[in-house]
Amino acid sequence: MFETINGMPAHVLLVHAAVVFVPLLALGAIVFAVWPAVRHRIDWAVALLAVVAPVSALFSMLSGNAFYQMREADGTPQEFLDQIGEHASYGQRTFFFSLGLGLVAGALLLLTRRAGTPKALTIGLSVVAVVLALITGYFVVMTGDTGASMNWKI
């Protein structure tokens with residue numbers, strides 16, 4: 001299912017969704033967490049991104065695994081497979097941190113809409129959201145850098 005799309009490796013197509021949606025989730029979560037005055041304006045976007053970003057990262061990871069298996073089967077040199085493995089390890093972290101960020105952003109969204117939520121809980125969850133957003137952003141950059149380096153370094 002995740003091997004090819006119209007004859008091309010699915011990963012090279014699906015990865016673009018994660019490249020867009022995961023950083024948008026990170027940015028949206030940070031803004032939502034630290035700027036209460038705009039929460040009501042961006043809550044729908046954060047809610048949507050909390051679902052779409054981890055799903056896009058999952059599809060990128062699954063298609064990347066399929067790409068690795070195709071390269072392994074066609075006799076790709078081990079040195080290149082090792083580079084793909086490094087890239088894949090960053091991609092897996094991107095998925096898991098984006099999933100965690102999506103869950104925390106969703107919880108923060110729900111708690112800020114609920115009357116009577118203790119302010120300390122909202123602040124604590126906001127801190128967790130910002131930290132997860134920064135970590136997720138780091139892993140998105142590292143995933144992209146290792147993937148691009150394999151293909152563009154001379």
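Which residues in the largest nonpolar core touch the most other members?

**View 1. The largest nonpolar core of the predicted model.** This core comprises 25 residues, of which Val22, Leu25, Leu101 and Leu108 touch the most other members. Two or more residues are contributed to the core by each of helix H1 (10-34), helix H2 (39-73), H3 and H4. In soluble globular proteins, nonpolar side chains tend to be buried together.

**View 2. The surroundings of Leu101.** When residues up to four places away in sequence are not counted, Leu101 touches Leu25, Ala26, Ala29, Ala129, Leu132, Ala133 and Thr136. Leu101 and Leu25 are both among the core residues that touch the most other members.

**View 3. The packing of helices H3 and H4.** Two packed helices are described by the angle between their axes and the distance between the axes. Helix H3 spans residues 78-113 and helix H4 spans residues 119-152; the angle between them is about 155°, and their axes lie 8 Å apart. An angle over 145 degrees counts as roughly antiparallel, and H3 and H4 are therefore roughly antiparallel to each other. Their crossing is left-handed. The contact of H3 with H4 has 20 nonpolar, 13 polar and two charged residues.

**View 4. Ile42 and its contacts.** Ile42 belongs to helix H2. With a relative accessible area of 22%, Ile42 is partly exposed. Leaving aside residues up to four places away in sequence, Ile42 touches Gly28, Val31 and Phe32. Ile42 and Phe32 are ten residues apart in sequence, and their C-alpha atoms are 7.3 Å apart in space.

Key:
Residues are numbered from 1 along each chain as its sequence is written. This is a predicted model: local features need pLDDT of at least 70, side-chain atom pairs count only at pLDDT 80 or more; totals for chains, interfaces and linings use all residues. Side-chain values use heavy atoms; hydrogens and water are left out. Axes are lines fitted to C-alpha atoms, for helices over the stretch in contact, and angles run from 0 to 180 degrees between N-to-C directions. Helices (H or I, at least four residues) and strands (E, at least two) are DSSP runs, numbered from the N terminus. Angles under 35 degrees count as roughly parallel, over 145 as roughly antiparallel, 65 to 115 as roughly perpendicular and the rest as oblique. A crossing is left-handed if the near helix is turned anticlockwise from the far one by less than a right angle, and right-handed if clockwise. Ala, Val, Leu, Ile, Met, Phe, Trp, Tyr, Cys and Pro count as nonpolar, Asp, Glu, Lys and Arg as charged, and the others, Gly among them, as polar. A nonpolar core is a set of buried Ala, Val, Leu, Ile, Met, Phe, Trp, Tyr and Cys residues joined through side-chain atoms within 4.5 Å. Buried means under 20% relative accessible area, exposed over 50%, partly exposed in between (1.4 Å probe, protein chains only). Contact means heavy atoms within 4.5 Å.
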